[in-house]
Amino acid sequence: MTVKGEKSTQIIEYILKNLIDKNLISENQKEQIKERLLKRESLGKIVLPNKGFVIYHCTIENIDFPLVVVGKVIEEVKMKNLVGDYEKIRTAFLMVAPEGDREGIEVLGDLSMSLIEREDLVNTLNEAQSQKEVKEKIKEVLLKKFYEEIKRII
């Protein structure tokens, strides 16, 4: 999806509005997610240095399943990254998990760690030209994490 907005509040609003339009969340859930993200924005977003990639994440009580949204930011947006420098944001990544859903939170945590650890993943998502390409890459990363976990347990 393409995302419009010149700052975090607008980007978050745009993504959440799109989720309402697709009947994935309700207006009430939208407001809860938005409030949760904005209330703790300084703790709740991660801008990866030199990647043009922002990660928004939170949990809320009344959602039935985890949500992952990847949006291409089409306006000029600069945000402070983890090392304190400002950089242009190309991709916004939103993750929402049901509060108390250990498995859902763990999966989103694995995905978040992959974004931080794997430079190729961020680059692929930044350069992706289609929704299908994004879905395939995320699926590949999650399957690899599950495979590693199974190997660890066995």
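Residues are numbered from 1 along each chain as its sequence is written, and side-chain values use heavy atoms, with hydrogens and water left out. Since the model is predicted, local features need pLDDT of at least 70 and side-chain atom pairs count only at pLDDT 80 or more, while totals for chains, interfaces and linings use all residues.

Let's start inside. A nonpolar core here is a set of buried Ala, Val, Leu, Ile, Met, Phe, Trp, Tyr and Cys residues joined through side-chain atoms within 4.5 Å; buried means under 20% relative accessible area, exposed over 50%, and partly exposed in between (1.4 Å probe, protein chains only). The largest core has 25 residues, and Ile 11, Tyr 56 and Leu 94 touch the most other members. Two or more residues each come from H1, H2, S3, strand S4 (67-73) and strand S7 (91-98), and H1 gives the most, with six. These labels are DSSP runs numbered from the N terminus: helices (H or I) have at least four residues, strands (E) at least two.

Contact means heavy atoms within 4.5 Å. Leaving aside neighbours within four places in sequence, Ile 11 has contacts that include Val 3, Tyr 56 and Met 79. A second, separate core of 19 residues includes Leu 48, Phe 53, Leu 121 and Ala 128.

Now look at Phe 93 in strand S7. Is Phe 93 buried or exposed? Phe 93 is buried, with a relative accessible area of 0%. Phe 93 and Tyr 56 are 37 residues apart in sequence, yet their C-alpha atoms are 6.1 Å apart in space.

Next, the helix pair. Helix H4 (residues 102-117) packs against helix H6 (residues 131-153) at an angle of about 110 degrees, with the axes 10 Å apart. Axes are lines fitted to C-alpha atoms, for helices over the stretch in contact, and angles run from 0 to 180 degrees between N-to-C directions. That makes H4 roughly perpendicular to H6 (65 to 115 degrees counts as roughly perpendicular). Among the contact residues are Val 107 and Leu 111 of H4 and Ile 138 and Phe 146 of H6.

Definitions and conventions: Angles under 35 degrees count as roughly parallel, over 145 as roughly antiparallel, 65 to 115 as roughly perpendicular and the rest as oblique.
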